[in-house]
Amino acid sequence: MASTTETKQKKMLILKSADNDEFEIEESVGVQSETIKNLVEDGFTFVPLPNVYTKALIKIIDYLKKHANKTDSNDEEIKTFDKDFVNTTFDDLFELVSAANYLHISCLMNMLCQTIADRIKDKSPEAVRKIFHINCDYTPEEEAKIRKANAQAFEGQFDESLD
Amino acid sequence: MPAKGKGEGEKKEKGKTQNGAPEPTSDFYFPREIISNILCRLPVKSLLRFSCVCKQWQSLISKRDFMATHYAHSSILQHMATSSIIVQTRPKECFKHVLLLYKPPESVVALDSLYPCFFPGMSIVGPVNGILCVFQSPWGDVITLWNPAMRMSKMVKLSETKAPPEVPFFVLVGLAFDSQKDDLLILRIFCSPAVPNYAEALVRFDVGKTEFDKMTLPEDIATGGCKKYLGTFLDFLAILTWEETDGCHIDVWIEDGGWSQIYQIGPLYGFSRILGCLWNGDIVVEKEDDRKYNWIIMLDPMTCSVNSEVRAHNSEKGSFVTINCPESLFLIEGMTQVVNLQDLPDESACKTILRLAEQFCPWYNLGIPVSVDAISLSGLQRLLAAVTTLSNSHHNICEF
């Protein structure tokens, strides 16, 4: 746990976020990230993460700690934790997915990408553009052409909400 | 790099300051690999709709490697509880070829007919890369490749494929993928009539070598008078056998270097026949209830419990086929949109479709090693296989 500081026998690592906050974690927790694991194997105990901001890093450390203590008996507890973990705004999910991608934590990447996919599945293209902060680069004529070619995919009602 | 001393890494609690976090502006940047990782998990319908989000997404979705990743994801879904199943039935009254899409727990949806006119005795095989092959029994005519998720199809003309001089008994059609040639294959296997007092044999057609080989059957199956279903069960070649009595059991045999029986399921009541095995391990059976209604039932082979069931049309005997078909973005050049039958006058549409079938277009090379063997369980005297690859229109005949 984060509050225990008297764990002399355990190897510790320091992670430094893009906004210069430092976090001390157990090596066994950190190496679930391929990026951190590679650095640890090269002998580093201080890991600067120039692409990961504090806000995302706090959440990701929580995730790694939870998943490092995975046993047969706490399966349900982890499932509940994961469900709460992804229950956040799209912008938070995007920040987390960028961080998880940089850190190469594949199980977290899978969970985040699946969550985002499930949440955009029934949305309209307009809603998706807003959610992903994408400016449409089609001319109205080009867009009309693509819509026409895929007319069957536009049958029915779509979700216009942005959450 | 010198390791930093312990104790310097004090965790600093921060308020919700804005420093650092990427601003949600129009130049919000996502690496392409992340976008691809998200989009490859979506159903085909969502992807087609999202191709108008921006040019980058459209170009990603139309890339071959994205299609392959997407197909891999949608295949994994089929191995889990969320199977989507294509059901073929030929109702007794009209002999029409009806194709249904069933995604438990949703209700069954009838799919648009591939033809603007009526062809009797149609059947279906596949899928390879999400593409199915519809053809007419017993001679393997009107061969049509079809991607149900994209609602696109194309009638294929098999060049120079003629029946052998002696009149064939019937023709088996198989769809396969040759991973060496990286090409889709359509197989037509011409079968001569069975000789009297034949012994049952299992014959396998090796797609890579374009050769037949004979496989031995377990003695219990070869000598017993039981009914058999041949298919793949959990990626193994499998034979499922049952007796035609009420309260019978289904025996599941798999081939893994030799035959072994792995399950016995039952007793089953009111059960008529086995329709197929699903990728998630379920066995699909047909059952008739007290009111003479047909049901298609998905059974869990371990517990014998019913995972889902659907009431089926009053179908012609033996016409049911159930197959897993993962959604796929793959198309074959020259495929056209499957049009709702009501939208078209019969005759002109039929002509258009037949004219399109005259063109023989190459298959897009896919690079996905899927090998499917064409297998026939029968006591046949002679087998001839006509193999047509789509890209070179080359054509082999090999004999067993």
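Reader: At what angle do the axes of helix H3 and helix H5 of chain A cross?
Author: Roughly 70°, and the axes of H3(A), residues 54-68, and H5(A), residues 90-103, come within 9 Å. Axes are lines fitted to C-alpha atoms, for helices over the stretch in contact, and angles run from 0 to 180 degrees between N-to-C directions. This is a predicted model: local features need pLDDT of at least 70, side-chain atom pairs count only at pLDDT 80 or more, and totals for chains, interfaces and linings use all residues. Residues are numbered from 1 along each chain as its sequence is written, chains are lettered from A and ligands numbered from 1 in the order in which they are written, and side-chain values use heavy atoms, with hydrogens and water left out.

Reader: Why is H3(A) called roughly perpendicular to H5(A)?
Author: The class runs from 65 to 115 degrees (under 35 is roughly parallel, over 145 roughly antiparallel, the rest oblique). The crossing is at roughly 70°, so H3(A) counts as roughly perpendicular to H5(A).

Reader: Which residues of H3(A) make the contact?
Author: A:Lys55, A:Ala56, A:Lys59 and A:Ile60. On H5(A), the partners include A:Asp92, A:Leu96 and A:Leu103. Contact means heavy atoms within 4.5 Å.

Reader: What makes B:Glu219 count as exposed or buried?
Author: Buried means under 20% relative accessible area, exposed over 50%, partly exposed in between (1.4 Å probe, protein chains only). B:Glu219 has 63% relative accessibility, so this residue counts as exposed. B:Glu219 lies in helix H5 (residues 219-223) of chain B. Its C-alpha atom is 9.7 Å from that of B:Trp259, 40 residues apart along the chain.

Reader: How many of the residues of chain B count as buried?
Author: 48% of the 400 residues. Chain B has six helices and 24 strands. Helices (H or I, at least four residues) and strands (E, at least two) are DSSP runs, numbered from the N terminus.

Reader: What makes a nonpolar core?
Author: A set of buried Ala, Val, Leu, Ile, Met, Phe, Trp, Tyr and Cys residues, joined through side-chain atoms within 4.5 Å. The largest one here has 85 residues. A:Ile120, A:Phe132, B:Leu39 and B:Trp57 are among those with the most contacts inside it. Beyond its neighbours within four places in sequence, A:Ile120 is in contact with residues including A:Phe90, A:Val128, B:Ile38 and B:Phe50. A second, separate core of 19 residues includes B:Tyr263 and B:Leu299.

Reader: Why are strand S16 and strand S19 of chain B said to stand at the edges?
Author: Two strands pair if DSSP finds at least two bridges between them. The open sheet has the order S16-S17-S18-S19 (chain B), with antiparallel pairing. S16(B), residues 271-277, and S19(B), residues 306-311, each have a single partner strand, so one side of each is left without a neighbour in the sheet. Neighbouring strands of this sheet are turned by 25° against each other on average, direction ignored.

Reader: How many bridges join strand S18 of chain B to S19(B)?
Author: Five, and the two strands run antiparallel. B:Leu299 stands opposite B:Val306 in S19(B).
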